[in-house]
Amino acid sequence: MEPARMNPVVEPLSWMLGTWLSDPPGAGTFPTLQPFQYLEEAHISHVGQPMLNFSFSAFHPDTHKPMHRECGFIRLQPDTNKVAFVSAQNTGIVEVEEGEVNGQELCIASHSIARISFAREPHVEQITRKFRLNSEGKLEQTVSMATTTQPLTPHLHVTYKKVTP
C-alpha cells in the first residue's frame with residue numbers, strides 16, 4: 001500500500017510531522033508539584049485526511065514506567081491559519097484547544113475541557129500550548145496550565161529530536 005498523499009489543507013503544519021524523542025528529558029513544574037523530569041515520544045502523522053494525528057507518550061526517565069499519554073487530532077480550518085487541537089488524555093481529560101499557526105510556530109489555548117466524573121482535584125481549567133520548530137530543527141512544546149486552585153502557570157517544557165520523518 002502506498003503512503004497517503006498529504007492533504008493540502010494541513011501543509012502549513014508539515015513541519016510537525018514525524019516521530020520525535022525528548023532530548024534532553026522534558027521538565028515539569030507547578031506550584032502544587034515537586035519539579036520533575038520525563039522522557040516523551042511524540043508521533044505526528046497523517047493519513048491523507050485534512051488533519052494530523054498525534055500521540056504523546058511520557059515515561060519516567062529512570063524506570064521508564066509509563067506516565068502521561070494523550071492522543072488526538074490537529075485540524076486546520078481550510079484557507080486560514082486557524083487550528084483546532086483535539087486531545088484525549090489518560091488522566092480522564094478531553095480538551096479542545098484552538099489557535100493559529102504562523103510559520104513554524106503553533107500557539108493554542110483551551111476552548112473547552114471535559115473530565116471524567118471521578119477526576120482528581122484540583123481540576124484543570126485552562127491550558128495553553130506552543131509548538132515551534134527551533135533553529136536547530138528540533139520541535140519544542142511549552143505547556144501552561146490553570147487549575148481550580150492555581151492561576152495560569154508554566155507547567156511543561158520539552159524539546160524533541162526527530163528520529164523518523
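Predicted model: local features only at pLDDT ≥ 70, side-chain atom pairs only at ≥ 80, totals over all residues.
According to UniProt, in an unreviewed entry, residues 10–162 carry the feature "domain: THAP4-like heme-binding". Over this stretch the chain is 66% strand and 0% helix.

One joins Asp23 to Pro24, with omega near 5 degrees. Pro24 sits in the loop that links strand E1 (18–22) with strand E2 (26–30). Another cis bond runs from Glu121 to Pro122, and here omega is near 0 degrees. Pro122 belongs to the loop between strand E8 (105–115) and strand E9 (124–133).

His64 is a residue other than glycine, yet its phi is positive, near 60 degrees. This histidine, His64, is placed in the loop between strand E4 (51–59) and strand E5 (66–76). Because exposed means over 50% relative accessible area and buried under 20%, His64, at 49% relative accessibility, counts as partly exposed. Asp79, likewise a residue other than glycine, has a positive phi near 65 degrees. Its loop lies between E5 and strand E6 (82–89). With a relative accessibility of 83%, Asp79 therefore counts as exposed.

Note on methods. Residues numbered from 1 in each chain as written. Heavy atoms only, no water. UniProt positions renumbered as here; feature names shortened; annotations may be inferred. Helix = DSSP H or I, 4+ residues; strand = E, 2+ residues; numbered from the N terminus. Buried < 20%, exposed > 50% of the residue type's maximum accessible area, 1.4 Å probe, protein only.
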